[in-house]
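Visitor: I am new to this structure. Please show it to me, and then I will ask about the terms used for it.

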Amino acid sequence: MTYGVPDQGAHPWSLDEQQSRPFLQKAWDAGINFFDTANAYSAGTSEEIVGQALKDFAPRDEVVIATKVFFSWKKRPNAGGLSRKAIFTAVDDSLRRLGTDYIDLYQIHRWDYDTPIEETLEALHDVVKSGKVRYLGASSMFAWQFAKSLYLADAGGWTRFATMQPQYSLLYREEEREMLPLCEEEGVGVIPWSPMARGKLTRPWSDQQTTTRANNDDYGDKLFGKTADIDQPIIDTVEAIAASREVSMAQIALAWVMSNPAVTAPIIGASKPHHLEDALAAIEIVLTDEELETLESCYTPREVMPMR
């Protein structure tokens with residue numbers, strides 16, 4: 001989501017193709033081979049940038065390319081949603097923009113309340129059987145919806161979801177109630193988005209509104225509020241543990257997410273060199289039981305994130 005053409009619906013903090021390529025190259029050179037995007041990111045230009053870079057840098061069979069379908073981002077009829085028509089059109093469009101003949105992981109970006117889930121599941125199964133998609137994934141929804149999807153896929157003989165991409169971080173842990181246990185029980189890989197709470201866990205409380213993104217992130221404000229008081233104790237604790245270890249706050253926030261056995265790998269966005277460096281360094285950090293308890297003791301339950 002960090003990469004996209006500025007005049008094509010990109011966020012104010014998005015990087016264009018020339019700015020993006022060094023990050024994608026550095027990630028690949030460092031051993032990162034899973035790249036997640038979506039057709040709705042910057043009106044499809046994120047897929048174009050990521051696809052072209054990976055074609056230039058990496059052998060196709062050595063990378064895992066993930067993208068998503070659901071959000072309506074074109075001002076024309078039949079754009080968006082998870083109907084059979086929408087999915088068949090969207091997958092072909094994504095393949096063209098990514099410059100590949102198959103997608104490794106094709107994810108539904110949200111639940112479609114206007115389309116029967118059976119129609120969606122059968123259409124997704126058909127794109128897998130056609131060879132255009134290898135595996136299926138889902139993103140932020142209620143656990144009952146995901147459980148229903150898994151059951152119906154099994155009952156219908158359709159391809160089931162292999163992954164779930166929920167929001168999960170020290171500032172949003174509501175997925176621990178039902179979604180994460182469900183994924184563990186069903187053998188579903190968990191690839192959380194916003195593991196650093198849209199950057200809030202990477203800087204002290206006094207610096208929360210000092211970045212371009214922080215001051216232009218309407219969706220982040222919807223999720224967390226600009227200065228939610230319940231966040232300060234957690235952010236202060238992350239800062240203290242990071243200082244005691246002489247590492248960045250981002251490394252502690254990421255290490256905490258990765259400490260959960262339900263989590264396969266967190267998804268991060270990199271717009272500055274140290275973002276990738278912190279992500280790679282976090283892999284080596286093993287938090288102590290005392291540190292984990294301290295970090296988790298500050299949490300105040302939130303309202304469940306809107307799932308529409």
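Visitor: What makes up the lining of the second largest pocket, by class?

Guide: Seven nonpolar, five polar and five charged residues line the second largest pocket. Nonpolar means Ala, Val, Leu, Ile, Met, Phe, Trp, Tyr, Cys and Pro, charged means Asp, Glu, Lys and Arg, and the others, Gly among them, are polar. This is a predicted model, in which local features need pLDDT of at least 70, side-chain atom pairs count only at pLDDT 80 or more, and totals for linings use all residues. Residues are numbered from 1 along each chain, and side-chain values use heavy atoms, without hydrogens and water.

Visitor: Which residues lie nearest the centre of the second largest pocket?

Guide: R76, N78, A79, G80 and A90 do. Helix 3 (residues 84-98) gives the largest share of the lining, six residues.

Visitor: Why are helix 4 and helix 5 called oblique to each other?

Guide: Helix 4 (residues 117-129) and helix 5 (residues 143-156) pack at an angle of about 60 degrees. Angles under 35 degrees count as roughly parallel, over 145 as roughly antiparallel, 65 to 115 as roughly perpendicular and the rest as oblique. Helix 4 and helix 5 are therefore oblique.

Visitor: What makes helix 1 oblique to helix 2?

Guide: The axes of helix 1 (residues 17-29) and helix 2 (residues 45-57) cross at roughly 50 degrees. That makes helix 1 oblique to helix 2.

Visitor: Which residues of helix 1 meet helix 2?

Guide: E17, S20, R21, L24, Q25 and W28 do. The residues of this contact (heavy atoms within 4.5 Å) comprise six nonpolar, three polar and three charged.

Note on methods. Axes fitted to C-alpha atoms, helices over the stretch in contact; angles between N-to-C directions. Helix = DSSP H or I, 4+ residues; strand = E, 2+ residues; numbered from the N terminus. 1 Å grid on protein atoms, 1.4 Å probe; cavity = no way out; pocket = protein on both sides within 12 Å on 5 of 7 lines; lining within 4 Å.
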